[in-house]
Amino acid sequence: MSDGLNRSSRETAAPILTVDGLSLSFGGLRALSGVSFDVRHGSITALIGPNGAGKTSMFNAISGFYRPTSGRIIFDGVDISRERPPSRAKRGLARTFQNIALFRGMTVLDNIKLGRHAHLKTNVLDALFYRGGAHREEMELRQEVEERIIDFLEIQHIRHAPVAALPYGLQKRVELARALAMRPRILMLDEPVAGMNREETEDMARFILDVKEEWGVTILMVEHDMGMVMDISDHVVVLNFGQVIAQGRPSEVQNDPAVVSAYLGSGDLAQRIRKTEAA
Amino acid sequence: MMDWLYVTEVALAGLGAGALYALTGVAFVLIYKATRVVNLAIGEILMLGGYVFFGLVAGAGLPLWAAIPLTILAGAALGAVVERALIRPMLGESPISVFMVTIGLGSILAGVVELAWGADPLRLPEFIPNTPIFLGEAYVAPKVAYGALVAALLIAVAVAALRFSRGGVALRATARDQGAAYSMGIDVGRVFSLSWMAACATAAGAGVIVGAIGGISPTMGIFGLSVLVVVIVGGLDSVAGALVGGLLIGLVEALAGSFLGGEYKLLATFSLLILILMIRPYGIFGTHEIERL
């Protein structure tokens, strides 16, 4: 298949995000120790590992919620380890959350519009009183938002619905839409298909692939659904007890003895993949 | 039989006072919504607004059109300083501790005002027109009527800003989910600061109106106690609740004060508070996940 082609383009592409020797401790508890990996331009990179391996901690360190004890996070050639989440967002780092973190009580459209907040450039007074530049930006934003993201994610019919009233799968999709509205350069998805049924998972996998291919957005995701991870990822990083135990193409990682033994407690990895694929 | 005209007049006066409760309640809610801080100093900030206005007009001899905006700006500045210096360092501490900080702030403000201007009540210069106003047959004190009108206008501005402005949207998003707002590029620290500035500016503005109606004194921070009842009745995080609660408490206080006697005012409002809390522990419009102190 096109795997060989993908692979060569992947390996020549420069990393957009580099995690370099990152350690994170909470008091005496070491959540991550010396984690290093690259996320290459235009790739789908998956972060997997058993429960408690440090995947979400890693995510929170990249998006700036946790301050690493040591190590660096380099985004697009710039060391962002000490930047706060809003400035990381302005650089084009967008994320979704494991437990949906939509702004309940607002409509789908309001939520999506908030995604563009980071990039709206007007001063406080304009922002407060909604004039001139702010207004023009608002109009531009509305068009972009409506025409591209909403159409793309097929959520036209619910754009004015309050998010709290939507079913789970759609809420996940709205969260993805909101993240896309941030015009991310790298999109971080924390368990995008957790709790979804087969059909919803397939839809989401298709959206993720399209985001990568049509929008040129690099994807970094944490996911437990091994079938989906192995299907769509270009590169897989396996964490266990806060350390990288393997990384490489899905097929390489799958047969790595360290990975297999890490997953032994919860069943053989290959078996898990077969199981999720059969389901 | 009852004199319905009199009842109407009392009720109108109550609603007028209620509008000021509502305005100050909105200030309280702004802070609570964005930062989850119960700000017990809101009454003292209101008082300080009254005194700053007094100082600018009577002391510095500024005209009204300059003194009113300056008072409001001073309120905003105070809000920014308080948030930055006292509240931000308390981030992550227990709500009770932050609550105590605001009580301390209230005492300090009352003390400073007493040192600077003395403990005696003062009258603000007259600036509200005093031609009598009649709604139908009912007489309304002009100060109360104009005060309520201005309060209503300010509330409308606050609600519109919260609903439509970017700062307001950012504030609502922060209120809903701080983590998500933060990762969305919303500077949560700035939202905190903005909410304190807007709230303290509103309270200072309310202080000018309250002072114009009843005069100013270092103990007028007690107004904040009624406002606390208002927001607890309405729901700590609900602007609509502050409006309804403000009018309701204003009305009940006025009716109880006129028909039962002044000493029954607090009895009536606090009985109402207990009743409402028994039926709706989160206030009339409050959200359920509110932390209770």
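Student: Let's start with A:Asp76: between which two strands of chain A does the loop holding it lie?

Tutor: Happy to begin there, and keep in mind that this is a predicted model. A:Asp76 sits in a loop of chain A, with one strand covering 70-75 and the other covering 78-79.

Student: What is the phi of A:Asp76, given that the residue is not a glycine?

Tutor: A:Asp76 is not a glycine, and yet its phi is positive. The value is about 60°.

Student: Does A:Asp76 count as buried, exposed or partly exposed?

Tutor: Count the C-beta neighbours inside 10 Å: A:Asp76 has 16. A residue needs 20 or more to be buried and 12 or fewer to be exposed. Because its count is 16, A:Asp76 is classed as partly exposed.

Student: Now to A:Arg183: which helix and which strand of chain A flank its loop?

Tutor: A:Arg183 also has a positive phi, near 50°, in a residue other than glycine. With 16 other C-beta atoms within 10 Å, A:Arg183 is partly exposed. Its loop runs between helix H7 (168-181) and strand E7 (186-190) of chain A.

Student: Turning to chain B, how many helices and how many strands does it have?

Tutor: Following the sequence, the pattern reads α-α-α-α-β-β-α-α-α-α-α-α-α. The tally for chain B is 11 helices and 2 strands.

Student: What radius of gyration does chain B have, and does that agree or disagree with a compact globule?

Tutor: The C-alpha trace of chain B spans about 60 × 50 × 35 Å along its principal axes. For 293 residues, a compact globule would come out near 19 Å, so the value for chain B agrees. That radius of gyration is 19 Å.

Student: What share of the contacts in chain B with a separation of 6 or more joins residues 24 or more positions apart?

Tutor: As background, 51% of the 293 residues of chain B count as buried. Among contacts with a separation of 6 or more, the share from residues 24 or more positions apart is 78%.

Student: Which element gives the most to the side of chain B that touches chain A?

Tutor: In this interface, 18 residues of chain B are in contact with 24 residues of chain A. The elements of chain B giving two or more residues to that side are helices H5 (142-164), H6 (166-176) and H7 (178-183). By class, the side of chain B has 9 nonpolar, 5 polar and 4 charged residues. The element that gives the most, with 6 residues, is H6(B).

Key: Residues numbered from 1 in each chain as written. Chains lettered and ligands numbered in written order. Predicted model: local features only at pLDDT ≥ 70, side-chain atom pairs only at ≥ 80, totals over all residues. Helix = DSSP H or I, 4+ residues; strand = E, 2+ residues; numbered from the N terminus. Rg over C-alpha atoms; globule rule 2.2 N^0.38 Å. Contact = placed C-beta atoms within 7 Å. Nonpolar A, V, L, I, M, F, W, Y, C, P; charged D, E, K, R; others polar.
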